[in-house]
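Here is a briefing on one chain. Look over the sequence and the model first, then read on.

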Amino acid sequence: MDLTKPHPTCAKQNYPALMVDEVDEVIAHYMGGTALSDLKPSIETIAGWTRDNNPDILSCAYGALIYQDGSSVVARGLHQGAHCRGHNAHTIGIAFVIGGGQAPTEAAILEFCRVAREYRKYFPRIRAVNPHSMRFKTECCGYMVSMDRLRQGSLAPVETEWEKFIKSRYDVLVRAGKMENPEYWYNTMYQLELESELIERYLRKDADYTERVEAELATLRARVAELEEQI
Ligand SMILES: [Zn+2]
């Protein structure tokens, strides 16, 4: 699963990006209504169910969907959902594909938690997992879903994208610290600064900026590689 790649039916709607410093909560949903007989409806079918109640919602309203067989599909991914009125800018919507009176399978619960942890790599401020009913007058996500289980699994420690980036650059910092070549030091530091800025912007989906910085970085990396050969 790659949260940076929304489902094609969601991608073309061009929804706003979720902000790294704003997202702090995962909201659990289900499909509601009567028990589902088809447990593997397509993302378009699910979008149609939402549209029956809210004609303005053009494609699947959730960030990701969890099926009973333990599989999942990215819907809006890192883009803003339309899953919880008044809270869409700071929450992620993950939905079980089950109807009223149905309980998620063990596989589905594990997958929900895994997907929530994936989200937390991008949004480290997420500290809460709540049912839709906590934020809106609804029965969602049903009485068969154990929020304790979801919270326990979803909030387990993860290595964030940011931490991964810092670790991957640690050796570069150490090496740069040992060099006495000022140009190497300057270029390396500048490269790190741009790369850290880049990852921040990438998470914010600032495409124009990203393209510009990537070009600048390519030049800089080439020069750093040249300098490294001389040392
Ligand atoms: Zn809901």
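Predicted model: local features only at pLDDT ≥ 70, side-chain atom pairs only at ≥ 80, totals over all residues.

Ile109, Leu110, Phe112, Cys113, Ala116 and Arg117 in H3 meet Arg149, Leu150, Gly153 and Ser154 in H4. Contact here means C-beta atoms, placed from the backbone, within 7 Å. The residues of this H3–H4 contact divide into six nonpolar, two polar and two charged.

Residues are numbered from 1 along each chain as its sequence is written.

**Overall architecture**

- The chain has seven helices and five strands. Helices (H or I, at least four residues) and strands (E, at least two) are DSSP runs, numbered from the N terminus.
- Reading from the N terminus, the element order is α-β-α-β-β-β-α-β-α-α-α-α.
- Of the 231 residues in the chain, 27% are buried. A residue is buried if 20 or more other C-beta atoms lie within 10 Å of its own, exposed if 12 or fewer, and partly exposed in between, with C-beta atoms placed from the backbone.
- Among contacts with a separation of 6 or more, 74% link residues 24 or more positions apart.

**Helix packing**

- Helix H3 spans residues 106-122 and helix H4 spans residues 147-154. They pack at an angle of about 45°, with axes 8 Å apart.
- That angle makes H3 oblique to H4. Angles under 35 degrees count as roughly parallel, over 145 as roughly antiparallel, 65 to 115 as roughly perpendicular and the rest as oblique.
- Axes are lines fitted to C-alpha atoms, for helices over the stretch in contact, and angles run from 0 to 180 degrees between N-to-C directions.
- The H3–H4 crossing is right-handed. A crossing has that hand if the near helix is turned clockwise from the far one by less than a right angle, and is left-handed if anticlockwise.

**The sheet**

- Five strands form an open sheet with mixed pairing, in the order E3-E2-E4-E1-E5. Two strands pair if DSSP finds at least two bridges between them.
- Strands E3 (72-74) and E5 (128-131) stand at the edges. Each has a single partner strand, so one side of each is left without a neighbour in the sheet.
- From one strand to the next, the twist averages 25°.
- Four of the five residues of E1 are buried, so E1 is largely enclosed by the rest of the structure.
- Strand E1 (residues 25-29) runs parallel to E5, joined by four bridges. Glutamate 25 stands opposite alanine 128 in E5, and alanine 28 stands opposite proline 131.
- E1 also pairs with E4 in the parallel sense, over five bridges. There, the bridge partner of alanine 28 is isoleucine 94 in E4.

**Helices on the sheet**

- H3 lies across E1, E2 (64-66), E3, E4 (91-96) and E5. H3 runs at about 160° to E4.
- H4 lies across E1 and E5, and runs at about 155° to E5.

**Loop residues**

- Glycine 63 sits in the loop between helix H2 (43-53) and E2. Glycine 63 counts as buried because it has 30 C-beta neighbours inside 10 Å.
- Beyond its neighbours within four places in sequence, glycine 63 is in contact with Ala75, Arg76, Gly77, Gly81, Ile92, Gly93 and Ile94. The C-alpha atoms of glycine 63 and alanine 75 are separated by 5.2 Å, at 12 residues apart along the chain.
- Threonine 105 is in the loop between E4 and H3. Threonine 105 is partly exposed, with 17 other C-beta atoms within 10 Å.

**Backbone exceptions**

- Most residues other than glycine have a negative phi, and most peptide bonds are trans.
- Asparagine 14 has a positive phi of about 55° although it is not a glycine. Asparagine 14 is found in the loop between helix H1 (8-11) and E1, and is exposed, with 8 other C-beta atoms within 10 Å.
- The peptide bond from cysteine 140 to cysteine 141 is cis, with omega near 10°. Cysteine 141 lies in the loop between E5 and H4.

Terms used. Contact = placed C-beta atoms within 7 Å. Nonpolar A, V, L, I, M, F, W, Y, C, P; charged D, E, K, R; others polar.
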